[in-house]
Amino acid sequence: MKKLSERSIKSKEKFADSNMAVANSIASAVFIGILVLPLTAFISAIILGNTPFQSIKTPDYWYVLLFSILYISPLFLSWYAKDFAMDLYDEVDSFTTQTEQTNNDTPHLISQITIINQQTETPTV
């Protein structure tokens, strides 16, 4: 298996795209889960005939710690994947900028032909 540094610029860009998509999916899933969980508890309490806030209990500290770890871990993973993807995008951008500068330094074929035609034209009297 090739290392990432040995890959082409196009494959690095594709890898960065997939990293960004995975990171966005993870972050979206975590945020949606956080928003949907309380709403689901609220609706299920109403359907079961309880008052919505009767089913809420004070959690133990271990549950709060576990919840925090399970909530923050995917967000850090998504942040790391986005940061890695941004580094790859920067590498691709620096490569394309260098390529454009090299292409601008060398005259294009059409401009060379135009210059030759201008030099060989004889003025009409």
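A contact here means heavy atoms within 4.5 Å. By that criterion, residues 24 or more positions apart account for 81% of the contacts in the protein chain with a separation of 6 or more. This is a predicted model, in which local features need pLDDT of at least 70 and side-chain atom pairs count only at pLDDT 80 or more, while totals for chains, interfaces and linings use all residues. Residues are numbered from 1 along each chain as its sequence is written, and side-chain values use heavy atoms, with hydrogens and water left out.

**Overall architecture**

- The protein chain has three helices and zero strands, where helices (H or I, at least four residues) and strands (E, at least two) are DSSP runs numbered from the N terminus.
- Along the sequence the pattern reads α-α-α.
- Helix α1 covers residues 9-47, and helix α2 covers residues 61-105.

**Burial and surface**

- The protein chain has 125 residues, of which 11% count as buried; buried means under 20% relative accessible area, exposed over 50%, and partly exposed in between (1.4 Å probe, protein chains only).
- The accessible surface of the chain is about 10500 Å², and 66% of that area belongs to carbon and sulfur atoms.
- Accessible areas come from the Shrake-Rupley method with a 1.4 Å probe, and for residues only the protein chains shown count as cover.

- A search of the whole structure finds one salt bridge, defined as a side-chain nitrogen of Lys or Arg within 4 Å of a carboxyl oxygen of Asp or Glu.
- The partners are E91 and K12, with an N to O distance of 2.4 Å.
- This pair links distant parts of the chain, since E91 is in helix α2 and K12 in helix α1, 79 residues apart.
- K12 counts as buried because its relative accessibility is 6%, whereas E91 counts as partly exposed because its value is 32%.

**Other pairings across the sequence**

- N19, in helix α1, touches A81, F84 and A85, not counting residues up to four places away in sequence.
- N19 has 14% relative accessibility and therefore counts as buried.
- K10 also belongs to helix α1, and its relative accessible area of 53% makes K10 exposed.
- D90 and E13 are 77 residues apart in sequence, and their C-alpha atoms are 9.7 Å apart in space.

**Surface patches**

- Patches are made of residues with over 30% relative accessible area and no salt bridge; like charges are joined within 9 Å, and nonpolar side chains (Val, Leu, Ile, Met, Phe, Trp, Tyr) within 5 Å.
- D83, D87, D90 and D93 form a negative patch.
- For charges, Lys and Arg count as positive and Asp and Glu as negative, with His and the chain ends not counted; the place of a charge is NZ of Lys, CZ of Arg, CG of Asp or CD of Glu.
- Within this negative patch, D83 lies in helix α2 and is partly exposed at 37% relative accessibility.
- D90 is likewise in helix α2, and is exposed with a relative accessible area of 52%.
- L39, F42, I43, I46 and I47 make a nonpolar patch of about 480 Å².
- L39, one of these residues, is in helix α1 and is partly exposed at 48%.
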